[in-house]
Protein chains: 2
Amino acid sequence: MKNRLIVDRRRGCDLPMARVGIEALYVYSPNIYVDNAELAVARGKDPKHFTEGVGIKAFSIPPPNEDQASMAATAAYRLMERNSISPRDVFRVDTPTESGLDGSRALVSDVVGMLEQVYGRGSLSHVLGYEQKFACVSGMERYLDTGAWFAANWNTRRYALILATDVARYNLNSSEEPTQGAAAAALLVGGDAKLLQILPGALGSALRHEKGDFKKPSGRTVALVDGALSYASYLSEMKEAWLNFQSSVSQMGLIKPKADQSMLDYIDRAIYHNPHKKMVISAYASLLIHEWRSLPRWKQVEDEIGPEPSRAGMDDLTYYMSDSYRDYRRKFMKSQYFTKDFESRIGSSLLAPELVGNSYSVSVFVGLDSLLENDKEDLAGKNVVLCGYGSGSHAIIQENVIPEGYRDVAKKLDLMGLLGSRRKVTIDEYERIHRGEISPNSWDVKSETRFLLRSVGELETPSEGDRQYTLSE
Amino acid sequence: MKNRLIVDRRRGCDLPMARVGIEALYVYSPNIYVDNAELAVARGKDPKHFTEGVGIKAFSIPPPNEDQASMAATAAYRLMERNSISPRDVFRVDTPTESGLDGSRALVSDVVGMLEQVYGRGSLSHVLGYEQKFACVSGMERYLDTGAWFAANWNTRRYALILATDVARYNLNSSEEPTQGAAAAALLVGGDAKLLQILPGALGSALRHEKGDFKKPSGRTVALVDGALSYASYLSEMKEAWLNFQSSVSQMGLIKPKADQSMLDYIDRAIYHNPHKKMVISAYASLLIHEWRSLPRWKQVEDEIGPEPSRAGMDDLTYYMSDSYRDYRRKFMKSQYFTKDFESRIGSSLLAPELVGNSYSVSVFVGLDSLLENDKEDLAGKNVVLCGYGSGSHAIIQENVIPEGYRDVAKKLDLMGLLGSRRKVTIDEYERIHRGEISPNSWDVKSETRFLLRSVGELETPSEGDRQYTLSE
């Protein structure tokens with residue numbers, strides 16, 4: 001397994017392959033949250049419907065003086081401080097997000113403006129960088145794009161920063177309300193991966209034009225969602241990406257499953273894009289059903305939950321949306337075979353997301369942080385597939401390896417501590433924040449250093465939309 | 001010069017370097033245009049103020065049944081048809097644009113939907129890809145990002161498509177009205193560059209947080225512009241990027257100017273991001289003043305136009321905005337030294353842009369097409385710097401080489417023909433189109449095959465914002 005990392009023969013000569021990947025990580029989520037059980041009660045629902053049915057116990061919301069740009073800058077600043085990174089060692093800064101603040105301008109411009117308040121004017125004037133979007137999968141796309149620069153030896157300095165940031169925000173009282181959330185992840189990418197190393201070529205993609213699942217047509221600030229279609233699309237594209245991943249990995253000869261095995265048996269950890277826990281469970285269950293149904297072990301599953309319903313005449317999307325399959329999948333999700341497999345391969349990556357809520361493009365990195373902070377096993381040498389997904393719709397499954405010595409860097413992660421020290425807001429306070437009734441400057445600042453939004457230029461003035469930020473004291 | 005392309009020693013062994021770059025190109029611009037002299041008259045202005053002062057003779061506008069997504073798909077389709085490219089040979093499709101149609105969804109999803117109408121459902125289901133934004137510079141950023149995949153040998157198939165697309169649209173009667181435009185460029189990127197080959201490392205970037213120059217805050221469909229600031233920012237960042245470019249190229253030992261030379265003397269062609277011709281002339285004049293003022297030849301310039309005004313106490317941006325410098329720059333722009341240099345190094349890249357108008361992220365590729373179609377010299381072996389710029393603000397200067405045999409592929413370019421066969425709309429017709437008074441389906445279709453917008457889902461219905469497209473017969 002490890003030998004395959006040492007030399008990349010595809011280049012035509014035995015050349016040591018750069019250990020491209022994540023050298024350091026910092027995930028930030030704001031310091032106030034909504035308790036989803038309390039929200040359920042306020043909405044006249046059974047609390048378990050939100051905390052277990054949906055699978056989000058609590059979700060972060062940005063206070064009135066933070067937004068997607070300030071969150072990205074805060075994550076970058078804390079990453080750089082904790083890992084002693086100087087701006088002069090960074091050659092590019094990119095901001096994948098689906099919460100862009102302007103139709104033309106890139107969010108990264110505001111972020112660079114904030115960082116230069118700390119590191120000095122012009123300290124990042126040499127960087128490349130822009131903003132990227134494909135619903136929730138842009139963070140994964142950017143991870144690969146940035147990695148390619150190092151694998152190509154095109155990086156002009158030692159590091160690149162990826163600053164994924166998103167705020168998931170839906171209407172008050174909508175069915176999506178319990179799936180909100182907010183986070184930013186700063187990834188330090190380089191050629192000496194210390195947390196997660198990309199395995200080049202071990203990659204599967206799936207992309208399908210789907211217009212109705214999730215959208216935010218120009219002019220809208222809140223997304224429109226078709227829940228059932230969105231769900232089925234996620235399951236379907238994730239499976240397609242898995243099939244393409246399998247095919248790449250087979251061709252590379254990396255994994256050769258025996259007749260009674262699935263390639264999944266060789267995956268140590270899987271980190272899913274996590275809109276809410278139930279969706280991840282459903283997608284993984286769906287994948288296991290697909291992978292196991294032709295293996296000897298399926299007989300045991302059938303003994304416990306009966307045979308799979310017929311899918312005669314249905315394509316994937318229709319089948320995944322059918323009542324009969326949904327019922328069957330639910331039965332499978334409760335079976336001992338599923339539970340054990342799911343817990344060991346995915347469990348540790350779910351602990352932070354169910355406290356952060358949906359964080360869109362950041363979600364897969366929230367899951368990565370969760371794995372690194374919470375997994376009880378020694379992860380060195382283990383492989384990790386990142387399973388990204390974005391509505392519209394596009395899935396990516398991509399294999400990485402956790403390097404020896406990862407713990408030295410992983411111990412600087414602080415998301416679980418940060419989530420534990422948040423303040424709970426009342427439902428009334430949450431609603432006032434959601435409606436924009438509290439101005440940035442009237443919000444009290446009590447927490448670790450971070451960037452704060454001070455004002456937004458008013459409509460129909462020359463400074464319309466201009467955002468002023470400062471570092472908190 | 002050519003030897004330096006054969007082997008890339010930075011990789012640690014003498015390995016033939018992939019000839020990464022553009023293998024084929026197709027630039028599309030809609031088939032109707034506004035005559036800027038007529039627009040000037042309608043606005044009570046001297047026609048020369050628009051056609052020469054601004055420097056745009058005509059600008060394309062999308063008819064009611066085309067938009068940024070359909071234009072990108074049309075460009076891709078025509079590129080693929082003319083160069084016999086199959087979707088199965090493409091591993092990624094990206095859409096840099098600042099005219100995104102949705103805050104979450106990526107434009108590439110709609111484009112893939114259109115292309116699969118022609119090439120079959122699922123024919124592009126394997127691709128990677130997303131949408132990218134940094135005002136007008138995202139096309140350049142994407143060109144480099146995509147190139148890195150090939151240089152890294154990470155491409156899983158032979159080609160990648162970059163589909164830059166933009167519509168520059170301003171309010172009727174605004175001062176920006178004569179600088180509108182519309183185009184899409186399809187770039188086929190690969191490891192066997194036939195039109196333009198990237199010279200790795202010969203690259204300079206400049207990025208500065210600037211909030212007021214150009215913006216389209218969420219909810220706006222028309223940009224807000226501070227003309228003077230935008231102008232100065234363009235000049236200033238382009239110079240910064242040039243300084244960083246010089247430093248990279250010096251370190252690589254690629255160009256070693258003698259004491260009485262500027263590095264610019266070694267650049268065969270420069271293609272500028274082109275919002276309008278006057279801006280390009282001003283930026284290039286500003287760069288020449290900077291480069292020449294310390295050389296012996298400056299004496300001759302001073303003999304013709306006098307000494308440069310004092311810049312005591314002014315930073316670049318202030319100096320570039322000052323009346324005294326602006327006047328001096330104008331004098332220099334009329335001098336014989338400037339005119340000759342400008343014409344030979346930049347002239348041929350300006351012919352298409354002054355007929356297309358501003359095309360934002362596409363503009364530099366419109367310039368490239370213009371160079372390849374119009375330059376009278378044999379360009380094989382010549383170096384070309386692409387000079388990208390995006391408000392907010394960010395410039396990139398990056399060196400390429402035109403490969404031997406480029407003419408075989410260049411002869412498939414058709415932008416000049418396309419521009420020559422457009423229909424002129426009257427000012428009245430233009431205004432009705434601009435105000436959205438003509439529905440997609442009532443617009444007559446007479447031209448080569450292209451993708452057409454059929455309808456847009458209405459506000460507050462489940463299909464809000466959904467766009468239906470078909471290929472014209």
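In which loop of chain A is the place of A:Tyr360? The residue belongs to the loop between α12 (353-356) and α13 (363-374) of chain A. Most residues other than glycine have a negative phi, and most peptide bonds are trans.

Exceptions of the second kind also occur in the model. In chain A, a cis peptide bond links A:Gly392 to A:Ser393, with omega at about -5°. A:Ser393 is placed in the loop between β12 (383-390) and β13 (394-401) of chain A. In chain B, the peptide bond from B:Gly392 to B:Ser393 is likewise cis, and its omega is near -5°. B:Ser393 is found in the loop between β12 (383-390) and β13 (394-401) of chain B.

The confidence of the prediction was considered next. The model has an ipTM of 0.95 and a pTM of 0.96. For chain A, the mean pLDDT is 94, and 96% of the residues reach 70 or more. Residues 1-13 of chain A, by contrast, have a pLDDT below 50. Beyond near neighbours in sequence, this stretch has 20 contacts in the model.

The overall form of chain A can be described by its secondary structure and its dimensions. Chain A contains 16 helices and 16 strands. Along the principal axes, its C-alpha trace spans about 65 × 65 × 40 Å. The radius of gyration of chain A is 22 Å, which agrees with the value near 23 Å that a compact globule of 473 residues would have.

Among the helices of chain A, α7 (residues 277-292) and α11 (residues 336-346) form a contact. Their axes come within 11 Å and cross at roughly 115°, and the crossing of α7(A) past α11(A) is right-handed. On α7(A), the contact is made by A:Val280, A:Ile281, A:Tyr284, A:Ala285 and A:Leu288. On α11(A), the residues involved are A:Phe338, A:Asp341, A:Phe342 and A:Ile346. By class, eight residues of this contact are nonpolar, none is polar and one is charged.

Sheets were examined in both chains. Strands of a sheet pair through backbone hydrogen bonds, either parallel or antiparallel. In chain A, three strands form an open sheet in the order β3-β2-β14, with mixed pairing. The edge strands of this sheet, β3 (58-60) and β14 (423-424) of chain A, each pair on one side only. Strand β2 (residues 32-35) of chain A runs parallel to β14(A), and two bridges join them. A:Ile32 stands opposite A:Arg423 in β14(A).

In chain B, an open sheet of three strands has the order β3-β2-β14, and its pairing is mixed. Here β3 (58-60) and β14 (423-424) of chain B stand at the edges with a single partner strand each, so one side of each is left without a neighbour in the sheet. Strand β2 (residues 32-35) of chain B is joined to β14(B) by two bridges, and these strands run parallel. Opposite B:Ile32 stands B:Arg423 in β14(B).

The two chains meet in a contact that takes 65 residues from chain A and 65 residues from chain B. On the side of chain A that touches chain B, at least two residues are supplied by each of α4 (107-119), β5 (131-133), α5 (138-151), β8 (196-207), β9 (214-215) and α6 (227-252). Of these elements, α5(A) gives the most, with six residues. The side of chain A that touches chain B comprises 24 nonpolar, 22 polar and 19 charged residues.

Strand pairing also extends across the two chains. β5(A) and strand β5 (residues 131-133) of chain B pair in the antiparallel sense over three bridges. Within this pairing, A:Lys133 has B:Glu131 of β5(B) as its bridge partner.

Key. Residues are numbered from 1 along each chain as its sequence is written. Chains are lettered from A and ligands numbered from 1 in the order in which they are written. This is a predicted model: local features need pLDDT of at least 70, side-chain atom pairs count only at pLDDT 80 or more; totals for chains, interfaces and linings use all residues. Axes are lines fitted to C-alpha atoms, for helices over the stretch in contact, and angles run from 0 to 180 degrees between N-to-C directions. Helices (H or I, at least four residues) and strands (E, at least two) are DSSP runs, numbered from the N terminus. A crossing is left-handed if the near helix is turned anticlockwise from the far one by less than a right angle, and right-handed if clockwise. Two residues are in contact if their C-beta atoms, placed from the backbone, lie within 7 Å. Ala, Val, Leu, Ile, Met, Phe, Trp, Tyr, Cys and Pro count as nonpolar, Asp, Glu, Lys and Arg as charged, and the others, Gly among them, as polar. pLDDT is the predictor's confidence in each residue, from 0 to 100. Two strands pair if DSSP finds at least two bridges between them. The radius of gyration is taken over C-alpha atoms; the globule rule is 2.2 Å times the number of residues to the power 0.38.
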